[in-house]
Amino acid sequence: MLSMLAKTILFSGALVFFALPSAADTPPVRSVDVYPRGARFVFRHLPTEDEFQFELPGAFIPESVRLLNPRGVTDLKVLGQARKGWVPPSLVSLRERIDAQGRSIDALNAQKTSLEQTRTMLNAIHPKEAEAKDLLSYIENAQNLRLRVENELAELAESLRTAHEELERLERELEERSPADADRFVRVSGRTTLREPLLFEAHTGAARWGLHYVMDLNSTTGAIDVRMIASAAQGTGLDYSGDVLFHSRRPADSVSPPALNPLRVALERKEDDRHRNFVLKDSQRAVNAPMMAAKEMEDAADLPEIESTLSNVTVRGRGTLEGDGSPADVALGELSLASTPVLVLIPEQRSEAWIVASMDSIPAPLMPGAAELMVDGRPSGRTRIPEYGLGQTQLPFGSVPRLTAKKVPLVESTGSSWLGGSGIFKGGYVLEITSGLDAEREVSVRDRLPIPVDERIKLEVKKMDPEPTERDAENRLTWKLSLKPGETRRILVEYSLTYPSGQNLEYR
């Protein structure tokens, strides 16, 4: 067993190893781009000699390492290699705590050994003949000493149990937080004729991020205060603090232009079934080619600083991403959107109204992400924001419990008019809208009429009171009504469907 002095010397040497730089140290990170899955790191290496060499953690893909300013550089080599015992910089402090805990356990074990030796010595000593008074005093002192030794051994046993549990916990934490490829590294070497910084990029799959919005709608003015937060994590083993560029999508590894192959047709040669099958299969491949190409492309493919291209939306933030994969929130900024609050009722779907923010345009494209919704400072729900451009946008902000509607079907009558050889369906409904709001508000009520998909089915609208404000080509109806507090409004719709006798109607 090593002495405590020897172990202290070894541990001091380990500290020196972590602290002193070497030619193979990882260069500092200059910038980080994070994609929904994966990240791009740019490293800045300053050569001090004609030959340079440094290492990157094994979480980086060797094939992705690329020199961004190759002027004056020759004999560049990038190799992935195995190694043991590497502790990423982000976990050095945890490794030191594990070593310190091990030293504490060694010290406790040394105390335990000393006390056990003392107990053995006490058990081995036999008093010589002595006066009764001296013998009684000796026995009393020996018993007290034995009792103290046993108590200290019991306390040490509990301390050792607790210390071992803490050591196991720290070792589990180190294992969980260590990069998946900690047993590998990427060695980069080469020659340079210049003494200027070299910029290298390297990609890793050990990173991710997702966008989170907090949106607060002012139901009176329509202003929407938006806070954008990036929830990100990276497990390369390298801590990073600084600017981070978050991307809505990762660049495609392979992009092919869309192609439409010519479709040829030939007369079938009946005497050659095999050839016929070949021709048909070849034609089918021609038909499917553009769809296959499209699928390949799809698979491949304070104010926040948002940039947008045809294929990517980016937003810049500043924060710290620890290299052990711990999740971190990075504030991306705030923006204000102007909207028109719209209260929408669709009684067929639910009784409560939706509150929707309608915008003719937005100042910056919205990236897809989760959103925590608030109305007038109070939580109203959660939703998923799709990717929006700069055009018209509608954002749902939850329900309005005090604005309700119900749909009451009219008494339906069905029958056959054999005089005309047709069946007749008489239908309709009443919509009842009730406002429990504090002020008069305009609401949009939406419903629909059936659409005949067969020319033998005829729809006839008997009555709509009041007439809808809008009726589109698919028979969707919209009424815009102004309701006062406590007011109830009714909408009546009656219609009939005529169809061939003996047939049944099917709604899709």
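## Leucine 79 and the β5-β6 pair

Leucine 79 sits opposite arginine 187 in β6. Strands β5 and β6 run antiparallel and are joined by 8 bridges; strands count as paired if DSSP finds at least two bridges between them, and a strand is a DSSP run of E with at least two residues, numbered from the N terminus.

This is a predicted model, with local features needing pLDDT of at least 70 and side-chain atom pairs pLDDT 80 or more, while totals for chains, interfaces and linings use all residues. Residues are numbered from 1 along each chain as its sequence is written, and side-chain values use heavy atoms, leaving out hydrogens and water.

## The open sheet

β5 belongs to an open sheet of 3 strands, in the order β3-β6-β5, with antiparallel pairing. Its edges are β3 (51-57) and β5 (73-82), each pairing on one side only.

On the β3 side, 7 bridges link β3 to β6 (residues 184-192), again antiparallel. Leucine 56 faces valine 186 in β6, and proline 57 has phenylalanine 185 as its bridge partner.

## The largest pocket

The largest pocket holds about 830 Å³, where a pocket is an open set of points on a 1 Å grid over the protein atoms alone, where a 1.4 Å probe fits, with protein on both sides within 12 Å along at least five of seven lines; lining residues have an atom within 4 Å of a point. The volume is the space filled by probe spheres set on the points, which are joined across faces, edges and corners.

Of its 27 lining residues, Pro450, Ile451, Glu506, Tyr507 and Arg508 are closest to the centre. β24 gives the largest share of the lining, 4 residues.
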